[in-house]
Amino acid sequence: MKFIIKHLPFAGIIAINSLAIAGRYRLESLKSYVFIISAIILLNLIIAILIKVKSYFNYGISGIMILGAFSVFLAPSLGQIYLKNVITALYVGLFSVALFPPLFKLDPFTYEFSKKNYPEAITKTDQFRKINIIINYIWAALFGICIILSKITYSDDGGIQVILSSIIPIVLLLAVGIPINRKLPAILMQTTQGEQMHFESIKDLFEAMPFGLNKGLAEGLDTIIQFHLTGEEPTDGYLTIKNLECTYTGGTHPEPKTTIRADSKLWLAISNNEVSGDQAYINKEYTVDGDMTILLKLGDLFAPSSEAEEDVKQKPKEIDFEYKTFEPGRIKNIVVFDGGPRNTKFSKTTFMVNHFCRGAKSAGAEIEYIKLKDMKINPCTGCYTCWTKTPGECIFKDDMSDLRLKFRKADLIIFSSPLYIFSVTGIMKNFLDRNLPNMKPYMLIENGETKHPHRYPEDRQQGFVVFSAAGFPEVDHNFDGLKGMFRCLHSHSEKSFLMGEFYMPGAELISQPVYGERRKKIELACSNAGEQVVKEGEINMEFMEAVSDVEITQKKFQEQADYFWESLDGKASYLKRSPKLEYTGDI
Ligand SMILES: Cc1cc2nc3c(=O)[nH]c(=O)nc-3n(C[C@H](O)[C@H](O)[C@H](O)COP(=O)(O)O)c2cc1C
């Protein structure tokens, strides 16, 4: 019934057009047909309004036909124009239907059709409305072009002209309008400013998720996320994300990559951004098995595009330094000076160094690891006795006498220090100061830099590599002080040269299980660098860059860090609550 009511005006206008052509546009003989058909269309319109069948097409075309009928009876000269241009009048009706409703803040006509293809959680958003208005005006433009096309003279033959002027606009509508209607909504969904959707139920949520995938972030993603939700709305189902598409399937997948078990009410609240997913996870309110790293991406993957773009990832600047290289196989013995106060289970700096050493060892290097905090190292007094009364010898007879020798004899030195107040730790700085005896006091000018000569001409050139982990998620500025100091050491030394720098920002996160992927990337980059420096005498930039990539947005970092610190406030020590670093393989 509704179908007939909606489409009757189309049949009516085609009938009038056919009768007008058959009756050679003779007004008098056509009057009775126009009257009967228009009366039926008027009646149909009244019924549509009474039984609330909302169809802009019905309203628009019926309106044009009723106006046409009036002109036939009350203004014959206008009526004559109407009968000769029924198809054009049809497009005028369609053009009006597309143009006017949005101007009066009414729903665009496309809404009626597109609503059927999307779940309610999407159709009720402003973004969906905006997209429909855009498509609506594209249709208005197409109908406008059809008005012109229906008026062009294609042939002198009356019959052919009637056929062409009717068919050509339809071809345009089918060839351009239909594909636009199909493809454009999905494209616009990705590019127009989105908003947080609100889901009334889990069913609502899973129906909407496939449409909300942020394709920019889903590049290369191939995963299956299984949900087992209990409570008010028990649901078993899984999302498959592959080839930039997302689908939802009810039931249990035999081999999901990630399995999330949660209370349905909690998951709905997380999805509606009413509860922080990160906090709920840390509080163990839901569990995740398998690949946890997807948890980090899940929020952004289905976030409105505006939000995801706004919160930019911190990408470090490209490394701009010419690192020292040696001939392959030259580096045989490596001495690590670890200036951090933490042990292997908790120090993120040591984590990098351990993996670097693993790689170096596998390539045949000998490694001596010195934990400076366990050494007896007095702070330098600035007496310069090592430069005057007892050249090369310090007033203190502590562990530094031995360490200075080890420093001199190593092919490669590793400086390992967490970032403390934008520099090295006090332990490391204390150690570095106490190496002054290895230099002579005199001044040497080289490449525009004034430096002190190395005391022992028999010592060979050596390389050094710096490792440092920091709390903040930025490399730029944060590491400037530490980096500057080591680069000065390089430019002011006759003997020790920088071969590589590994700066890990946002380092405290890497022990969390959800950051397993980043941890593995760091592990691999460091051990590859260790192996390469021994085998090839150099270190690829890409290894250093891999460590510096924090892979998290500033906002997300802030959210997680703040929540973590809040949860500890006055309750427990950091290390007690912080997961231990997992090492795969021997170190
Ligand atoms: C005294 C102190 C000062 C710190 N200063 C900074 C800093 O300037 N910038 C930063 O990003 N993190 C800073 N942090 C955070 C540490 O760099 C971070 O916790 C890092 O992971 C420690 O490395 P580790 O795990 O190897 O000990 C500081 C931490 C402490 C205890």
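This is a predicted model: local features need pLDDT of at least 70, side-chain atom pairs count only at pLDDT 80 or more; totals for chains, interfaces and linings use all residues.
**Entry 1: around the ligand**
I began with the ligand and looked up its neighbours. I found 17 residues surrounding the ligand, and the closest are R342, S347, T349, L419 and E508. I then sorted this shell by class: 10 of its residues are nonpolar, four are polar and three are charged.

Next I wanted to see which atoms face the ligand's oxygens. From the side chain of N478, an N or O atom lies 2.8 Å from an oxygen atom of the ligand. For F472, a polar backbone atom is 2.8 Å from a ligand oxygen atom. A469 also takes part through its backbone, with an N or O atom 3.3 Å from an oxygen atom of the ligand. I checked the cover as well: on its own the ligand has 630 Å² of accessible area, and the protein covers 78% of that.

**Entry 2: the second largest pocket**
Then I moved on to empty space. Rolling a probe the size of a water molecule over the atoms shows where such space is left. The second largest pocket holds about 860 Å³. Its lining has 31 residues, and F57, F113, W139, F143 and I178 are the closest to the pocket's centre.

Which elements give two or more residues to this lining? I listed α1 (2–22), α5 (86–103), α6 (109–114), α8 (126–149) and α9 (158–191). The largest share comes from α9, with eight residues.

**Entry 3: the lining by class**
Last, I sorted the lining of the second largest pocket, and it divides into 18 nonpolar, nine polar and four charged residues.

Methods
Residues are numbered from 1 along each chain as its sequence is written. Side-chain values use heavy atoms; hydrogens and water are left out. A residue is near a molecule or strand if one of its heavy atoms lies within 4 Å of it. A polar contact is a pair of N or O atoms within 3.5 Å; within protein, one must be able to donate a hydrogen and the other to accept it, and residues adjacent in sequence count only if both atoms are side-chain atoms. Accessible areas come from the Shrake-Rupley method with a 1.4 Å probe; for residues, only the protein chains shown count as cover. Ala, Val, Leu, Ile, Met, Phe, Trp, Tyr, Cys and Pro count as nonpolar, Asp, Glu, Lys and Arg as charged, and the others, Gly among them, as polar. On a 1 Å grid over the protein atoms alone, a cavity is a set of points where a 1.4 Å probe fits but cannot get out, and a pocket is an open set with protein on both sides within 12 Å along at least five of seven lines; lining residues have an atom within 4 Å of a point. Grid points are joined across faces, edges and corners, and a volume is the space filled by probe spheres set on the points. Helices (H or I, at least four residues) and strands (E, at least two) are DSSP runs, numbered from the N terminus.
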